[in-house]
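Let's walk through this one with the model open beside the text.

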Amino acid sequence: MEITPEWVMEKVATGKPFTLVLLKAGIPLPADKDEVTRQQMHHLTYLFQLEKEGKISVFGPVINDPVLEGILIFNSTDKKIVSEVMDADPHVKAGHLIYEVYDFFTLPGQQIPK
């Protein structure tokens, strides 16, 4: 298959909008490692539940930046709903993460390799 300008435009035409959330460092986590583990488990459980409900497609940490902690891609463009969902995240509620919401456009069906 040759990647021509026509092929590219056909692919782009199948794209749709999503919402990208950037998670940034908030107040530091507690010094107690057991408490950090407990809070992290609540945060991850929340994210896996969002994925199970079809609200997000991709989430994960950013491992090489002191400020940017992670990303999420929501299957919605409703920033009010996205903000409500993010405000309920345990790490956000505790102030350990803050978030920024961005419009995002990509092609449905793209995936991260296994």
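## The sheet and what packs on it

Strands β2 and β3 run antiparallel, joined by five bridges. Helices here (H or I, at least four residues) and strands (E, at least two) are DSSP runs numbered from the N terminus, and two strands pair if DSSP finds at least two bridges between them. This is a predicted model, where local features need pLDDT of at least 70 and side-chain atom pairs count only at pLDDT 80 or more, while totals for chains, interfaces and linings use all residues. Residues are numbered from 1 along each chain as its sequence is written, and side-chain values use heavy atoms, with hydrogens and water left out.

With six residues between them, β2 and β3 form a hairpin. Zooming out, the open sheet has four strands in the order β2-β3-β1-β4, paired antiparallel. Its edge strands are β2 (56-61) and β4 (97-106), each pairing on one side only. Neighbouring strands are turned by 15 degrees against each other on average, direction ignored; axes are lines fitted to C-alpha atoms, for helices over the stretch in contact, with angles running from 0 to 180 degrees between N-to-C directions.

| Strands | Bridges | Residue pair |
|---|---|---|
| β2 and β3 | five bridges | F59 opposite L72 |
| β1 and β3 | six bridges | K24 opposite L68 |
| β1 and β4 | ten bridges | K16 and T106 |

Helix α2 (residues 33-52) lies across β1, β2, β3 (68-74) and β4, and runs at about 155 degrees to β2.

In α3 (residues 79-87), V82, V85 and M86 are buried, meaning under 20% relative accessible area, against over 50% for exposed and partly exposed in between (1.4 Å probe, protein chains only). They sit on the same side of α3, because they cover an arc of only 95 degrees around the axis; that arc is taken from the directions from the helix axis to the C-beta atoms. Their cover includes β1, α2, β3, α4 (90-93) and β4. At the start of α3, a side-chain oxygen of D78 comes to within 3.0 Å of the backbone nitrogen of K80.

Where does T19 sit? T19 is in strand β1 (residues 16-25), and it counts as buried because its relative accessible area is 0%. Its side chain reaches the backbone oxygen of S76 at 2.5 Å. Leaving aside neighbours within four places in sequence, T19 is in contact (heavy atoms within 4.5 Å) with residues including L72, F74, V82 and Y102.

L72 touches T19 too, and other partners include L47, I56 and M86, not counting residues up to four places away in sequence.

P61 lies in strand β2 and counts as exposed, at 65% relative accessibility. With the sequence neighbours up to four places away left out, P61 touches E69 and G70. P61 and L72 are eleven residues apart along the chain, and their C-alpha atoms are separated by 9.0 Å.

How values were computed
A polar contact is a pair of N or O atoms within 3.5 Å; within protein, one must be able to donate a hydrogen and the other to accept it, and residues adjacent in sequence count only if both atoms are side-chain atoms.
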